[in-house]
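Please read it alongside the sequence and the structure.

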Amino acid sequence: MGLLQPDRYFSRLSHIDIGRDLLGQGLSHVLLDIDNTILTRDTHEVPRDARIWLARARDAGIGVCLVSNNWHASVHELAGELDLPIVAKALKPLPHGLVIARRKLGGTRADTVMVGDQLLTDVAAAHLAGMKAYMLQPLVEQDLPHTLVLRNLERMMLGSRQPEPAPPACRPTAQASAPTAPQAALWDAPNTRSQEGSS
């Protein structure tokens, strides 16, 4: 797999099947980007399906650590709200921040995957660190000016590659999206914090 080619490509976090795409591939630790991966740039919220996915990953024994190039207090607040460890100011595509995050989780290069929305930061950093990289489409088109420039370059690099189809379990149904009672507060909690830095 090339440095700037994701191992897998999905539309959004909830389309990654925890059993098939993580545990079934020997992946038990996830390093997770923030901006436009789980936090929208326009409304600065964590979508409901991302919250549900995070809760289900935790229930399945998946370790998750947030990894962001952002250094503002808001990312630490988000990590506290989601009850997740974080490595901020990670300086992706340099791999050092990912190595720190992996060690926080007790993971190895073989059982850890980076999940993010940018080829030139998330995917490159993961491969430089010797880990797999799952790329997501950005949650929204709105982004920082310099990131938008990089998006055009990334589209050229991806060429005709399209995200994998959503698995049946991810198709919107009341049953698939309904939270269990103990997790309802976490999933329904609004998130309005601003993200000023870059993923």
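Leaving aside its neighbours within four places in sequence, D21 is in contact (heavy atoms within 4.5 Å) with R8, F10, H15, I16, L27 and Y134. The model is a predicted one, in which local features need pLDDT of at least 70 and side-chain atom pairs count only at pLDDT 80 or more, while totals for chains, interfaces and linings use all residues. Residues are numbered from 1 along each chain as its sequence is written, and side-chain values use heavy atoms, with hydrogens and water left out.

D21 belongs to helix α1, residues 18-22; helices (H or I, at least four residues) and strands (E, at least two) are DSSP runs numbered from the N terminus. With a relative accessible area of 1%, D21 is buried, a term that means under 20% relative accessible area, with exposed being over 50% and partly exposed in between (1.4 Å probe, protein chains only). A polar atom of the D21 side chain lies 2.7 Å from the backbone nitrogen of D17.

Turning to the sheet, six strands form an open arrangement in the order β1-β6-β5-β2-β3-β4, with parallel pairing; two strands pair if DSSP finds at least two bridges between them. Because β1 (8-10) and β4 (86-87) stand at the edges with a single partner strand each, one side of each is left without a neighbour in the sheet. Helix α4 (residues 96-105) packs on the sheet, where it touches β2, β3 (63-67), β4 and β5, and its direction makes about 150 degrees with that of β3. Helix α5 also packs on the sheet, touching β5 and β6, and its direction makes about 165 degrees with that of β6. For these angles, axes are lines fitted to C-alpha atoms, for helices over the stretch in contact, and values run from 0 to 180 degrees between N-to-C directions.

Strand β5 (residues 112-116) is mostly covered, five of its five residues being buried. T112, M114 and G116 point one way from β5, whereas V113 and V115 point the other way.

| Partner of β5 | Residues of partner | Bridges |
|---|---|---|
| β2 | 29-32 | Four bridges |
| β6 | 132-136 | Four bridges |

On the β6 side, G116 stands opposite M135. From β5 the chain crosses through helix α5 (residues 119-128) to β6, and this β-α-β crossover is right-handed, that is, with the strands pointing away from the viewer, the path from the first strand over the helix to the second runs clockwise.

Conventions: A polar contact is a pair of N or O atoms within 3.5 Å; within protein, one must be able to donate a hydrogen and the other to accept it, and residues adjacent in sequence count only if both atoms are side-chain atoms.
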